Amino acid sequence: MTEQKDAKEAKEQTPAFGANGHIQPGRYYGHGLPYAPIDHYPGKIIAVEGTDGVGRSTQIRLLREWLEVQGYGVVETGWTRSALMQPTIELAKSSNTLNKLTFVLLYATDFADRLEKEIIPALKAGFVVLSDRYIFSALARAGVRGVDRAWLRSLYGFAIAPHLVFYLKIDVDTLIRRVLSARGMDFWESGMDLKGGDDIYDSFRSYQNKLLREYSSMADEFGFRVLDARRPIDVLQDELRRQVQAFLVNADGSQAQESEPAEKHP
Amino acid sequence: MLNNLSTPHEYPGKLFVVEGIDGSGKTTQLALLAKWLSAAGLRVFVTEWNSSALVKAATKMGKKKNSLTPTTFSLLHATDFADRLLYNIVPPLKAGMIVLADRYAYTAFARDVARGVDRAWVRDLYSFAVRPDLALYFRVPIDVSLDRLMARRVKLKFYEAGLDMGWSMNAQESFRIFQGKVLDEYDRLVEEFGLSVVDASLAITDQQQMVRNLVSRQLEKPALEVVNQ
């Protein structure tokens, strides 16, 4: 137990973002979960961020296949997928009773549930966690709605800093074309709760522009690897694989215990 | 926004909250207070902990499956709190009413920390809360509260007894351990947030007298909405 206590103290002395903005991948951003020490867990978190319609799910699916062929165990996680929160979030969105704070807190609860039940156990067991969105979408959406940014960072202090964050960047015009040819604009993606007017198209445009600016403003702070998502799917995927490969090779090389190459092939 | 719990609010209404462990008698005292204020012609609005319809379903399900962690437990209650603050607390305060809250942010500070969440984190979480004009803490020894709960033939609930923490398989023993930690946290809060302590082992009428005295002092301040009788 003293090992855990030491780890805890060390963690407390090295906050991730904050005063000097120094983020340590694989460590809690802030205060963290005192009852869940995570130091030296072998797994990795790869987060793929970006606004609605930018192609995240496709890229994650392809990335997962590739990783598994290489022999990595993969666990996927994504927004509002927690069994605990999904029904509540669906209900809340449809009943239009959310204020910006409850909106934020519902998503934070969903995230906490997945972090403790899915992500941390996966890290401990040495899996690669592919996260479809991470906390940054929540930060962006809340930021656009005027929620205090310092408060948001304190709230998400319990989150673990991913090892890699890919931000799939797109411009509003391309986004609009994709969304309209796929499915149309929905209430929430158009920021209609912000009550900018009745016109969904205008609202979508304005809201997504603001969102894109929020994401951009976080890129440096959180070390986003920004990728041009306007490119064809396979071009983008090749880029992702290249970067993930480079990272994993490095990470595997520096890990204290080395696993035999033979274990990587089924 | 980050300072609301330490900065006095500027609404025309008043916010009085009661705190204490389960079985401390705070709910009884709150009800008597509400009656007295209403009888005096004041408009009163009562709000209870973990009562928002929005969050009820999730909390119920999570508790049923025993799948709540200290952090999700904390966040769910914070979500409920944010919902009630917007709909049930601020509007009556703006309307010049008296809002009585059965439990407030201090419950989270005491319970969630007893479960192991970071002390500073949970305070930051609730930093958007309106500061009460008066926060009454009904301090009672564990044995007294247990006796009261048992007398009501209340079956100790899983989370109320802290059984999720695995300190003991026995509900009563677990309750003692958990609520003991909660009591320690409350004692810190008295100092930190200026809670007014009421000895909850005294007779009901004696406690109520103290409560009314404390509340009266608060009411001598700027005008409140009085209903014509």
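This is a predicted model: local features need pLDDT of at least 70, side-chain atom pairs count only at pLDDT 80 or more; totals for chains, interfaces and linings use all residues.
Me: Where does E192(B) lie?

Reply: E192(B) belongs to helix α7 of chain B. Helices (H or I, at least four residues) and strands (E, at least two) are DSSP runs numbered from the N terminus.

Me: At what angle do the axes of α6 and α7 of chain B cross?

Reply: Axes are lines fitted to C-alpha atoms, for helices over the stretch in contact, and angles between N-to-C directions run from 0 to 180 degrees. Here the axes of α6 (residues 142-151) and α7 (residues 171-193) of chain B come within 10 Å and cross at roughly 130°. α6(B) and α7(B) are therefore oblique to each other; under 35 degrees is roughly parallel, over 145 roughly antiparallel, 65 to 115 roughly perpendicular, and the rest oblique.

Me: Which residues make the contact?

Reply: Contact means C-beta atoms, placed from the backbone, within 7 Å. α6(B) brings I142(B), S145(B) and L146(B), while α7(B) brings Q172(B), F175(B), R176(B), Q179(B), G180(B) and L183(B).

Me: What about N50(B) and its phi?

Reply: N50(B) is not a glycine, yet its phi is positive, about 55°. You will find N50(B) in the loop between β2 (44-48) and α2 (53-64) of chain B. With 17 other C-beta atoms within 10 Å, N50(B) is partly exposed. From E192(B), N50(B) is 142 residues away in sequence and 24 Å away in space, C-alpha to C-alpha.

Me: Which residues touch the most other members of the largest nonpolar core?

Reply: In soluble globular proteins, nonpolar side chains tend to be buried together. A nonpolar core joins buried Ala, Val, Leu, Ile, Met, Phe, Trp, Tyr and Cys residues through C-beta atoms within 7 Å. The largest one holds 122 residues, and A108(A) and V129(A) touch the most other members. Helix α4 (residues 100-124) of chain A gives the most to this core, with 13 residues.

Notes. Residues are numbered from 1 along each chain as its sequence is written. Chains are lettered from A and ligands numbered from 1 in the order in which they are written. A residue is buried if 20 or more other C-beta atoms lie within 10 Å of its own, exposed if 12 or fewer, and partly exposed in between; C-beta atoms are placed from the backbone. Two residues are in contact if their C-beta atoms, placed from the backbone, lie within 7 Å.
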